[in-house]
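The following note sets out points for a colleague to check against the model. Please read each point with the coordinates open.

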Amino acid sequence: MDRDILEHRIIFAIKAIREASGCTLHQALDVFVQRYEELRRDRPDEFQLSREEYGQGFYS
């Protein structure tokens, strides 16, 4: 999942979260956002896109 988040594969990351935990889509989105923020804080140099660019074009 972390690799998907770092490489801007949002749908794959959310799918991995749901498969691993059996949670709802809404819960998976919450987990995704939490992990995204942790990775941004702890490993900022590994992101290919800026914070502003990351979510562009993704609508949940």
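Is Phe-32 buried or exposed, and what is its relative accessible area?

1. Phe-32 is buried, with a relative accessible area of 8%. Here buried means under 20% relative accessible area, exposed over 50%, and partly exposed in between, with a 1.4 Å probe and protein chains only.

2. Some conventions apply throughout. This is a predicted model, in which local features need pLDDT of at least 70 and side-chain atom pairs count only at pLDDT 80 or more, while totals for chains, interfaces and linings use all residues. Residues are numbered from 1 along each chain as its sequence is written, and side-chain values use heavy atoms, with hydrogens and water left out.

3. On overall architecture, the protein has four helices and zero strands, and its pattern along the sequence is α-α-α-α. Helices (H or I, at least four residues) and strands (E, at least two) are DSSP runs, numbered from the N terminus. The C-alpha atoms fill a box of roughly 30 × 25 × 15 Å, taken along the principal axes.

4. Of the 60 residues, 27% count as buried. Among contacts (heavy atoms within 4.5 Å) between residues at least 6 apart in sequence, 45% join residues at least 24 apart.

5. Helix α2 comprises residues 10-21, and its twelve residues should span 16 Å at 1.5 Å a residue; the end C-alpha atoms are 17 Å apart, which agrees. The expected span of a helix is 1.5 Å times one less than its number of residues. After α2 comes Gly-22, with a positive phi near 70 degrees.

6. Within α2, the buried residues are Ile-10, Ala-13, Ile-14 and Ile-17. They cover an arc of only 95 degrees around the axis, which places them on the same side of α2; the arc is that of the directions from the helix axis to the C-beta atoms. Their cover includes α1 (2-6), α3 (25-42) and α4 (51-54). Ile-11, Phe-12 and Glu-19 are exposed on the other side of α2.

7. Ile-11 counts as exposed at 56% relative accessibility; Ile-11 and Tyr-54 are 43 residues apart in sequence and 13 Å apart in space, C-alpha to C-alpha. Lys-15, also in helix α2, counts as partly exposed at 47% relative accessibility. Lys-15 and Arg-35 are 20 residues apart in sequence, with 14 Å between their C-alpha atoms in space.

8. For α3, the 18 residues should span 26 Å at 1.5 Å a residue, and the end C-alpha atoms are 25 Å apart, which agrees. Ala-28, Leu-29, Phe-32, Tyr-36, Leu-39 and Arg-40 are buried in α3. They cover an arc of only 105 degrees around the axis, which puts them on the same side of α3. These buried residues pack against α1, α2 and α4, whereas the face turned away from the buried side carries the exposed residues His-26 and Arg-41.

9. A search of the whole structure finds four aromatic pairs. One of them joins Phe-32 and Tyr-36 and is stacked, at 6.4 Å centre to centre and 20 degrees between the planes. Rings of Phe, Tyr and Trp (its six-membered ring) pair if their centres lie within 6.5 Å; planes under 30 degrees apart count as stacked, over 60 as edge-to-face and the rest as tilted. Phe-32 and Tyr-36 are four residues apart in helix α3 and therefore separated by about one helical turn.

10. Tyr-36 is buried, with a relative accessible area of 7%. With Phe-47, Tyr-36 forms an edge-to-face aromatic pair, 5.5 Å centre to centre and 80 degrees between the planes. Because Tyr-36 lies in helix α3 and Phe-47 in the loop between α3 and α4, the pair ties together parts that are eleven residues apart in sequence.

11. Phe-47 is likewise buried, with a relative accessible area of 10%. The charged end of Arg-40 sits over the ring of Phe-47, 4.1 Å from its centre; the criterion is NZ of Lys or CZ of Arg within 6 Å of the ring centre and within 35 degrees of the ring normal. Phe-32, Tyr-36, Phe-47 and Tyr-54 form one aromatic cluster.
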